[in-house]
Amino acid sequence: MNEDKITVTKSFLPPKEEYFEEIQSIWNTGQLTTFGPKVLKLCEMLEERFDIHRMLFVTNGTVALQLALRALKITREVITTPFSYVATTSSILWEGAQPVFVDIDPNTFNIDPAKIEERITDRTEAILATHVFGNPCDVEAIDSIARKSGLQVIYDAAHAFDVKLQDKSIFQYGDISTCSFHATKVFHTIEGGAIFCKSEKMFDRVLSLSNFGHEGELAIKDLGINGKNCEFHAAMGLVNLPYVGAIIEGRKRVCERYDSLLDNHNSIRQTFPPEVQRNYAYYPVVFEDEKQLEVVIAKLRAHNIYPRRYFYPSLNRLPFLRQQPILRNSESISRRILCLPLYPNLAESNIAKICRIILDAS
Ligand SMILES: Cc1ncc(COP(=O)(O)O)c(C=O)c1O
């Protein structure tokens, strides 16, 4: 096989010199971590970008979810989506709470608010929903259910950097919103994550929990953990930030090419509401059935092309969970979905090749 390998994603790397220049001052300050100047600067820039004044830069998007659940004192049942990455469910379990799955809308791929209320019990404490592939959940419906039932809302916005709903950053919704800054994301700090809090009180709690439970230098007020991120990761974020606009533009170009070349194909795409400003984080295609998906994967692999079955499996099927109800939409979509290669400089010829293989195979 002589064709170059094409993977589902390719991490953005800024010019080396820019990163080296950014990290230079670390040798002057000698401060490598623990709320150093670069971490603080990154938080300040992101708070301004999203018009949010309470952001914390943590080690990754999974720890961000765990800290959010812990800060909201969630220990019992959490209504959540079965169609997300495993971290959404595992963070609930890791915090000792129980996930209660509600099926998704087959068009948006997000949790279906119309099915939430029937799963609320006197043990329910929160809703944890994912903005799947950067597509905002029905935040108004979720907010109204939560207020009516006295529940807290956490959004897993791991995929949603720079996504806006009605001109407002998606991170502004929910009691707490989290993001992943993992290397594969639209904006990354190699490893990293963020927590955005609605209230000052919640922010203080998350801050303390992420710093061993410290309050000030001496007092330990809570059972905390070390969720702090460091100067080198913040430096990568500071250098990457100016490129995000171009990265999203590049992704948009690829998505629009896929849209037009696969226009007549019998697969399904995710539906975005018109008032959303997208970030083109993923290009998922839902095939007619799993067999068709497997044929496409095999043919793409034969050309050294590696898409990703994402999300798979539907999280209610995780082997370490107690018996769960069948969730038709999530299970059906997760068996048939494939995320196609997507990164800004994916060559036009490769996009055409991928689409030709898909069209020929199905
Ligand atoms: C929806 C979702 N939530 C949470 C995470 C976890 O983020 P991280 O890899 O930064 O821990 C991911 C990672 O891909 C994700 O896709």
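Colleague: Which residues does Cys230 touch, not counting residues up to four places away in sequence?
Modeller: This is a predicted model, in which local features need pLDDT of at least 70, side-chain atom pairs count only at pLDDT 80 or more, and totals for chains, interfaces and linings use all residues. Residues are numbered from 1 along each chain as its sequence is written. Two residues are in contact if their C-beta atoms, placed from the backbone, lie within 7 Å. By that rule, Cys230 touches Leu32 and Thr33.

Colleague: Is Cys230 buried or exposed?
Modeller: A residue is buried if 20 or more other C-beta atoms lie within 10 Å of its own, exposed if 12 or fewer, and partly exposed in between. Cys230 has 20 C-beta neighbours inside 10 Å, so Cys230 counts as buried.

Colleague: How far apart in space are Cys230 and Gln31, C-alpha to C-alpha?
Modeller: In sequence, Cys230 and Gln31 are 199 residues apart. Their C-alpha to C-alpha distance in space is 9.2 Å.

Colleague: Which residues of helix α5 are buried?
Modeller: Helices are DSSP runs of H or I with at least four residues, and strands are runs of E with at least two, numbered from the N terminus. Helix α5 covers residues 86–94. Its buried residues are Ala87, Thr88, Thr89, Ser91 and Ile92.

Colleague: In β13, which residue is the bridge partner of Leu165?
Modeller: Two strands pair if DSSP finds at least two bridges between them. Strand β7 (residues 164–165) and β13 pair in the antiparallel sense over two bridges. The partner of Leu165 in β13 is Val276.
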